[in-house]
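Let's take a walk through a protein model together, stopping at a few residues on the way. Keep the picture open while you read.

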Amino acid sequence: MTQTVLPTVELGTGGPLVGVQGLGCMGMSEFYGPTDTGEALATLDAALATGVTLFDTADMYGSGRNEELIGPFARANRDQVVLATKFSILRSEEDGAVRGISNDPAYIRTAVDASLRRLGTDVIDLYYMHRRDPAVPLADSVGAMAELVRAGKVRHLGLSEVTGAELREAHAIHPISALQSEWSVFARDVERTAVPAAAELGVAFVPYSPLGRGFLTGAFQDAKELSADDYRRSHPRYTGDNAAANGELLDPLRKIAAARGVTLAQVALAWVHQQAEVHGLAVVPIPGTRRRGRLAENTAAATLRLTAEELALLEPVAGRVAGNRYADMSSTSAARE
């Protein structure tokens, strides 16, 4: 496959220039079954060579191990890498499946220092609030994040899974460069309020899971086929009757892929990229992969343009998807709209 060199885009008004497609690093440490660390590290190098410059991690991925994994790579290429990490999701030491959320200012100050230590850097380029706790005023949490910018520990701020109203409120406290939420052919609830607000404010949108956690690639038909420790087994839309029904929704992607001589993944990613024009904002998807072959496939999609007819064919898909994005939707933006 011919290597794609990605064009660049500004990550929010006044934000850094980044390749128009980033790399989600979560699966390099856990969640998607066994991983090959050597191949994962080689994928980081290959990504940078193709023009991927936004590398996305979080303190909860592998309970800090993911930050430790990509830290040496980021340090070795610090002048090229835009390093993004996140705080707020708490994990239990006794049970890794247990989740909590903290937006408390004191916790934020502790969390950023821990991330800086694990990453081995003195500044984080883009620091996200991973999930919103409505019990904590944004003036407090975003205010604390703004303090980190003034202290020189963070360059730019981001939010994840917030509503349009929450984004506007946060942006009035301190400029927000990027909003990261799930957005794909299968998941379009962000278009109700979050995407319009981001476009209005000049905030870049960073779609996570743009490939529907691999389901849109046709890599699996039911998550029960995956390893016992693969967390996709807990996602309602990828198992049982929901998976069977949703598998039929891939037919339009298959039709387009066959006609174009491309893969399902490339069609799905091309759709996400073209939402930049549809909605008038910068869109930088971060498909996650641990293998160089998949990386080359994904980056090639950044320059694939779908026709108006092809976009129309994909338009009704999301409205027909069976099952929620998560088993527990309480911490998503959709739950607060």
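A106 sits in helix 3 (residues 105-119). With a relative accessible area of 43%, A106 is partly exposed, because a residue counts as such when it falls between the buried limit of under 20% and the exposed limit of over 50%. A144 lies 38 residues away from A106 in sequence, and their C-alpha atoms are 8.2 Å apart. Please keep in mind that this is a predicted model.

| Pair | Apart in sequence | C-alpha to C-alpha |
|---|---|---|
| A106 and A144 | 38 residues | 8.2 Å |
| G319 and D189 | 130 residues | 9.5 Å |
| W183 and M60 | 123 residues | 21 Å |
| T13 and T299 | 286 residues | 24 Å |

Now let's visit the residues that open the other rows. G319 belongs to the segment after helix 11 (308-314). Its relative accessibility is 74%, so G319 counts as exposed.

Is W183 buried or exposed? W183 is placed in the loop between strand 10 (178-182) and helix 6 (194-201). Its relative accessibility is 0%, so W183 counts as buried.

T13 is found in the loop between strand 1 (8-10) and strand 2 (17-19). With a relative accessible area of 62%, T13 is exposed. Which residues does T13 touch, leaving aside its neighbours within four places in sequence? They are L201 and G202.

**The protein as a whole**

Let's step back for a moment. The protein has eleven helices and eleven strands. Its radius of gyration is 19 Å, close to the 20 Å that the globule rule gives for 337 residues, so the protein is as compact as a globular protein of that length. Along the principal axes, the C-alpha atoms fill a box of roughly 55 × 40 × 40 Å.

How much of the protein counts as buried? The share is 59% of the 337 residues. Contacts across the sequence are worth a look too: among those between residues at least 6 apart in sequence, 74% join residues at least 24 apart.

**Inside the core**

In soluble globular proteins, nonpolar side chains tend to be buried together. In this model, the largest nonpolar core has 98 residues. The residues with the most contacts inside this core are L11, L23, F55, L167 and F205. Helix 9 gives the largest share of the core, eight residues.

Residues up to four places away in sequence are not counted here, and F55 touches L23, C25, L44, A47, L48, F73, V81, V82, L83 and A84.

Two packed helices are described by the angle between their axes and the distance between the axes. The axes of helix 8 (residues 251-260) and helix 9 (residues 264-279) come within 8 Å and cross at roughly 105°. Angles of 65 to 115 degrees count as roughly perpendicular, and helix 8 and helix 9 are therefore roughly perpendicular to each other. On the helix 8 side, the contact is made by L253, R254, I256 and A257, and on the helix 9 side by L264, V267 and A268. By class, this contact of helix 8 with helix 9 has six nonpolar residues, no polar ones and one charged residue.

Which residues of helix 10 are buried? They are L295, E297, N298, T299 and A300. What covers these buried residues includes strand 3 (23-24), helix 1 (37-49) and helix 9.

**Two serines with positive phi**

Our last stop is a pair of backbone angles. S63 is not a glycine, and its phi has a positive value, near 50°. S63 lies in the loop between strand 4 (54-56) and helix 2 (65-76).

S88 is not a glycine either, and has a positive phi of about 120°. You will find S88 in the loop between strand 5 (82-87) and strand 6 (89-91). Its relative accessibility is 0%, so S88 counts as buried.

Terms used. Residues numbered from 1 in each chain as written. Predicted model: local features only at pLDDT ≥ 70, side-chain atom pairs only at ≥ 80, totals over all residues. Heavy atoms only, no water. Axes fitted to C-alpha atoms, helices over the stretch in contact; angles between N-to-C directions. Helix = DSSP H or I, 4+ residues; strand = E, 2+ residues; numbered from the N terminus. Parallel < 35°, antiparallel > 145°, perpendicular 65-115°, else oblique. Contact = heavy atoms within 4.5 Å. Nonpolar A, V, L, I, M, F, W, Y, C, P; charged D, E, K, R; others polar. Core = buried A, V, L, I, M, F, W, Y, C linked by side-chain atoms within 4.5 Å. Buried < 20%, exposed > 50% of the residue type's maximum accessible area, 1.4 Å probe, protein only. Rg over C-alpha atoms; globule rule 2.2 N^0.38 Å.
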